[in-house]
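Subject: Handing over the structure

Hi,

Here is the structure I promised to pass on. Please have a look through it, and then read on for my notes.

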Amino acid sequence: MRWRSLVAAGVLAFGLSGCAGVHQAGSDGARLDATPRIAVISAFQPELTLLLNRLQEPVKHHVNGVEFTTGTLEGKPVVLFLSGISMTNATMNTQRVLDRFRVTGIVFSGIAGGVNPSLHVGDVTVPAQWGQYLEVLMARETAPGQFTAPPFIKDATLPSFGMMHPRPVEVRSAAKPGIERKFWFEADPKMLEVARSIRNVDLANCSGGKCLPRKPQLVVGGNGVSGQAFMDNKAYREYTFKTFQANVLDMETAAVGMVAYSNGVPYIAFRSLSDLAGGGDGENEMGTFMGIAADNSAKVMLAFLAAWK
């Protein structure tokens, strides 16, 4: 999820209500719940609001300040929680939910910045794979405007943006216990198949008297990228689309995908465009359309859960 600190500071105070119970967990690392569940993740509160309102028989659990809420959505056992904003929070708390609950799959629902110029604010994307586009070499300037990688770095093969040369990340997994270098983390094929079957979700284009000029659409497939920066720059947006053929970018999903891959757990992410990552004509659109985007993503994710077997 891409964000501004002013927006996040204003929304994180929102309290969760209506829960049937509260369980405080110790630091012994024990499982908190024996039921197989789908982990439903959002980065910050507005993205999770609609889902919490739909949750049946909710029970809260707390671990190191993170609130996990178990219950059912669309008849499926789930555990809902906020990853926190950006890559480290997403990595840490995704691993935490896998350690403390019996997770059968991971689903992310939230907002993102649009990169593909054919997409528009309000559209919902479900990329087939996610990469960490800000895992980079900062290369030395060897001549005016020329940046060169050290000879011992052999994996900076993608086109650079000035001194910034993208690289894959190191990852270990049960299936491949040695160090593997990997850029793309693929969404689960069966989950993608179900996402492609979704029809007739009424995606909103108006909220609070503000309307989008067109009806949003659902786009399944393509690429998404994630990194530690809020991106609001036209030139870098154009580079990101050209280099990675990315539809969207955010600040968490590729980290979640990496943890899912390492643990052998299927995952998928639903991201709705709140803004154009610097590609719009005026100022960044997130503050205006964040609510529409968050609800649209949640609606598609709920349709996915209803269809998931």
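In these notes, a residue is buried if its relative accessible area is under 20%, exposed if it is over 50%, and partly exposed in between, with a 1.4 Å probe and protein chains only. Please keep in mind that this is a predicted model, in which local features need pLDDT of at least 70 and side-chain atom pairs count only at pLDDT 80 or more, while totals for chains, interfaces and linings use all residues. Residues are numbered from 1 along each chain as its sequence is written, and side-chain values use heavy atoms, with hydrogens and water left out.

Let me begin with Leu-80. With a relative accessible area of 1%, Leu-80 is buried, and it is found in strand 5, residues 76-82. Helices (H or I, at least four residues) and strands (E, at least two) are DSSP runs, numbered from the N terminus. Contact means heavy atoms within 4.5 Å. Setting aside neighbours within four places in sequence, Leu-80 is in contact with Val-40, Leu-48, Leu-51, Leu-52, Leu-55, Glu-67, Phe-68, Thr-69 and Leu-73. For Leu-80 and Leu-51, the separation is 29 residues in sequence and 8.4 Å in space, C-alpha to C-alpha.

Helix 2 (residues 45-54) is mostly covered, with 7 of its 10 residues buried. These are Gln-45, Pro-46, Glu-47, Leu-48, Leu-50, Leu-51 and Leu-52.

Glu-74, in the loop between strand 4 (66-73) and strand 5, has a phi near 50 degrees, a positive value in a residue other than glycine. Its relative accessibility is 39%, so Glu-74 counts as partly exposed. Ser-86, in the loop between strand 5 and helix 3, also has a positive phi without being glycine, near 90 degrees. Ser-86 counts as buried, because its relative accessibility is 15%.

Now for the helix packing. Helix 3 (residues 87-100) and helix 6 (residues 253-263) pack at about 35 degrees, and their axes are 8 Å apart. Here axes are lines fitted to C-alpha atoms, for helices over the stretch in contact, and angles run from 0 to 180 degrees between N-to-C directions. On the helix 3 side, Met-87, Ala-90, Thr-91, Thr-94, Gln-95 and Leu-98 meet Ala-254, Ala-255, Val-256, Val-259 and Asn-263 in helix 6. Arg-100 and Leu-32 are 68 residues apart in sequence but 5.6 Å apart in space, C-alpha to C-alpha. Leu-32 is found in the loop between strand 1 (21-24) and strand 2 (36-42), and is partly exposed at 23% relative accessible area.

How many disulfides does a search of the whole structure find? It finds 1, taking a disulfide as a pair of cysteine sulfur atoms within 2.5 Å. Cys-206 is joined to Cys-211, S to S 1.9 Å. The torsion about their S-S bond is about 115 degrees, so the disulfide is right-handed. Cys-206 is partly exposed at 37%, and Cys-211 is partly exposed at 45%.

Finally, helix 7 (residues 286-307) has 22 residues and reaches 30 Å from first C-alpha to last, close to the expected 32 Å. That expected span is 1.5 Å times one less than the number of residues. Helix 7 bends by about 25 degrees at Ile-292, the bend being the angle between axes fitted to the seven residues ending there and the seven starting there.

Best wishes
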